[in-house]
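Dear colleague,

Please find below the structure that I am handing over to you. My notes on its aromatic and charged side chains follow.

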Amino acid sequence: MIKPANRRVFIWPLILPAVTLALAGALQGMQLFKETPQPREPHLARMIPADVSGWSVREVPLGPNEFVSGEVEKVLNFDEALNREYTRAGQGFGVYVAYWGAGKMPTRLVASHTPDRCWTENGWRCTAMNFRQTGIFSGLDLQPAESRVFDPPKGGVPTYVLYWHLVDGRVYDYGERFNAVPNPVLWAQDAVRQALLGNREQYFIRLTSNRPLEDLWSDPGFASVVESLGALGLRAVVEPAADRS
């Protein structure tokens, strides 16, 4: 027989998540009476250069056919997305950016579609990782990136990956862990923030290449693309100085 004191200890881990979600649901109802902000006008294709000296450029669909691409769009539910590939003489890099205007998509759902989860579910294997990496590109101060190296399902050249998830202009902190499974604590925190603040404006930005991305920085074409991503919000956020008066 379980003693009363032990029963209370056993029940609390079940009650707390339920209370958190109930509170989040109640607060979320209050958001129904607020005006939903409108997303930005289409801007990704305009801001990210398509004509890069020395590189061939093509737009890449989100799936191998129109049906799969349509299903991906339904799941991700973005307002706008760009998936572009730059190639030359056996080298290449890719840029993927998805945008959700305020009111569009819960942060916790966007955070669940990282390469850590989606790529590994499709057979890719992560062989190296760095968390919240800074100082990647010399002279360009960007917000911390998640850095990964993946081997493709059937072997071959590894793919180097940097990705950022921006929420209201600040990088989302996934914690120092591989996120094949979403962090349950962050999931609950995001539910509460969503209830209090609504669904905020978000970008998911991913750079990929068949060589270390920092090795491409000396190329002016690649640098122009990365600098355009900085203009989307990747530049490091400067915190206001503390008032010492």
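Rings of Phe, Tyr and Trp (for Trp, the six-membered ring) are taken as a pair if their centres lie within 6.5 Å; planes under 30 degrees apart count as stacked, over 60 as edge-to-face and the rest as tilted. The model is a predicted one, in which local features need pLDDT of at least 70 and side-chain atom pairs count only at pLDDT 80 or more, while totals for chains, interfaces and linings use all residues. Residues are numbered from 1 along each chain as its sequence is written, and side-chain values use heavy atoms, with hydrogens and water left out.

Aromatic side chains

One aromatic cluster is formed by Trp55, Tyr86, Phe93, Phe137, Trp217 and Phe222. The number of aromatic pairs under this rule is 11. Among them is the pair of Phe137 and Phe222, which is edge-to-face because the ring centres are 5.8 Å apart and the planes stand at 65°. This pair links distant parts of the chain, 85 residues apart: Phe137 is in the loop between strand E4 (125-133) and strand E5 (145-151), and Phe222 is in helix H7 (residues 220-234). Helices (H or I, at least four residues) and strands (E, at least two) are DSSP runs, numbered from the N terminus.

Tyr172 is buried at a relative accessible area of 11%, and Tyr174 is buried at 3%.

A charge is said to sit over a ring if NZ of Lys or CZ of Arg is within 6 Å of the ring centre and within 35 degrees of the ring normal. Arg108 lies over the face of Trp187 in this way, at 5.1 Å from the ring centre.

Salt bridges

A salt bridge is a side-chain nitrogen of Lys or Arg within 4 Å of a carboxyl oxygen of Asp or Glu. The whole structure contains 12 salt bridges.

One of them joins Glu85 and Arg58, with the closest N and O atoms 2.9 Å apart. Glu85 belongs to strand E2 (residues 80-88) and Arg58 to strand E1 (residues 56-59), so the pair ties together parts that are 27 residues apart in sequence. Glu85 is partly exposed at 30% relative accessibility, and Arg58 is partly exposed at 44%.

Lys104 and Asp79 meet in a further salt bridge, at 3.6 Å from N to O. Lys104 is in the loop between strand E3 (91-100) and helix H4 (107-110), and Asp79 is in the loop between helix H3 (66-76) and E2, 25 residues apart. Both are partly exposed, Lys104 at 28% and Asp79 at 33%.

Which residue forms a salt bridge with Arg88? The partner is Asp219, with the closest N and O atoms 2.9 Å apart. Asp219 lies in the loop between strand E8 (202-209) and H7, and Arg88 in strand E2, so this pair ties together parts that are 131 residues apart in sequence. Asp219 is buried at 11% relative accessibility, whereas Arg88 is partly exposed at 30%.

Finally, a network of salt bridges links Asp116, Glu146 and Arg148.

With kind regards

Definitions and conventions
Buried < 20%, exposed > 50% of the residue type's maximum accessible area, 1.4 Å probe, protein only.
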